[in-house]
Amino acid sequence: MKRKDIIEFEVGSMEFGGESSTLIGKRKVKMKGGITGQKVKAVVKKARSEKAEVKLLEVVENSPIETLPVCNHFGACGGCSILSVPYEKQLEIKGEQVLKLFEEQGIDGFEFLGIEGSPVERLYRNKMEYTFGDEVKGGPLTLGMHKKGRHLDIITVDDCRLVDEDFIKVLTSTVEYFGEKNLPYYRINSHQGYLRNLVVRKGVNTKELMVNIVTTTQENFDMTEYKDMILNLGTKAEVVSILHTINDGLADAVNCDELRVLHGRDYIEEVVLGLRFKISPFSFFQTNTKGAEKLYSIAREFVGDHEGKVLFDLYSGTGTIGQVMASAAKQVYGIEIIEEAVVAANENTKLNGLDNCEFIAGDVAKVVKNLSEKPDLIIVDPPRPGVHKDAIRDISGFGANEIVYISCNPKTLVLDIKGFEAYGYKVEKVKCMDMFPNTPHCETVVKLKK
């Protein structure tokens, strides 16, 4: 086996995050994608005597565990890579993958409470960020997701099974409308063009819809007709917010230089576990609302009796977890680096009549050591890269008896746990929550005791 060789093999074990590992002879072959039992064709990217890295080219034969119907984009769009696998089997696979990560780090002696399934397996996403482009060079305008393994090609994902019909209506009508106007889409290489993104957000429990069209300033286009078209789509949810975001930044991301309100307000509201939250166009909110209610219920169960206690909610986002805990707590302090999220969190506390929550803007690693009050319990919900080692030191330095760690990436979670163990903490119990059905990801909740 050498670089650029085309090889065929049967996929072995699936690893957390969407990779697979197969033993071919004595060589361990790693590949992005792949479902156990699939027969695939792949090209060798790197090869050594004991291991190799390959890129999937084609699924030659489906796996015996792939028994469910899929969308028209399956395999081309990199989104829901295990849509073809029955949901109970997905849960079994994810639970085993997370446990394996703990075993590999030598973390044991805890109670594993299994994996909780999402209340909704399909049509669960409350936010989608679509990109304008084309599927082939010079082809018609498309709007949707990047083609798997391709940086520039965009597929119009009008048969997506993760979103409901309101998202599909907005998506298809938008791409048709702007396709007729012959406006250029933004090209990331040349930094030329007008149409960049479409972001749709929905309050699942409140039935409120936000449509946010993102463009550069390279065309002077009147959005009035587009706004009226969206308002007359007949969506099930009420369109309470139509926005036009101006983004002339060079990065391939939805950033805001200027926000124009075309209709309604610049936020939607959502209700989670009886609490009301304002969601702005750029604030973080869990993408699976019904799953979030389950996740926060698990976290509350892990926290246990916190009557009269001081809680730190670190990496607090818009303050959802802290506010869910606030009813019984003496005081909740939240820290979050994104200032807009902190403003939203403090507004949400007023919306919910909570006077024992305070959210502070700043880097957890820097701000946490400046807090004068000592916590009885700490909740940590970091982004995918996990907790910085300096923050682990400072968080442990408070001497809280318990830490509840909520993780969207168990690969960094287990490394962080090793850090906390070095400061005298031990894992008491672990439970997974599948927030992302049909994808290779899930959340993990861990209770650490000093």
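**Entry 1: the cores.** I started with the largest nonpolar core, which has 72 residues. By nonpolar core I mean a set of buried Ala, Val, Leu, Ile, Met, Phe, Trp, Tyr and Cys residues joined through side-chain atoms within 4.5 Å. Buried stands for under 20% relative accessible area, exposed for over 50%, and partly exposed for what is in between, with a 1.4 Å probe and protein chains only. The residues with the most contacts inside this core are Tyr130, Phe178, Leu198, Tyr226, Ile379 and Ile406.

I picked Phe178 and looked up its contacts, meaning heavy atoms within 4.5 Å. Leaving aside neighbours within four places in sequence, Phe178 is in contact with Phe132, Leu141, Leu183, Leu195, Ile213, Phe221, Met223 and Tyr226. Apart from this core lies another one of 38 residues, including Val98, Val368, Ile403 and Tyr425.

**Entry 2: a note on the model.** This is a predicted model, so I note that local features need pLDDT of at least 70 and side-chain atom pairs count only at pLDDT 80 or more, while totals for chains, interfaces and linings use all residues. Residues are numbered from 1 along each chain as its sequence is written, and side-chain values use heavy atoms, with hydrogens and water left out.

**Entry 3: the sheet.** Next I traced an open sheet of 8 strands, in the order S7-S22-S23-S21-S20-S17-S18-S19, and its pairing is mixed. Strands (E, at least two residues) and helices (H or I, at least four) are DSSP runs numbered from the N terminus, and two strands pair if DSSP finds at least two bridges between them. At the edges I found S7 (111–116) and S19 (357–361), each pairing on one side only.

I then zoomed in on S20 (residues 377–380) and S21 (residues 402–407), which pair in the parallel sense over 4 bridges. Here Ile378 stands opposite Ile403 in S21.

Helix H4 (residues 289–303) lies across S7, S20, S21, S22 (426–433) and S23 (443–449), and runs at about 160 degrees to S22. Such angles run from 0 to 180 degrees between N-to-C directions, with axes fitted to C-alpha atoms, for helices over the stretch in contact.

**Entry 4: the annotated residues.** The unreviewed UniProt entry has a "binding site" annotation covering Gln286, Tyr315, Glu336 and Asp381.

Is Tyr315 buried or exposed? Tyr315 counts as buried because its relative accessible area is 15%. I found Tyr315 in the loop between S17 (310–314) and helix H5 (320–326).

Note on methods
UniProt positions renumbered as here; feature names shortened; annotations may be inferred.
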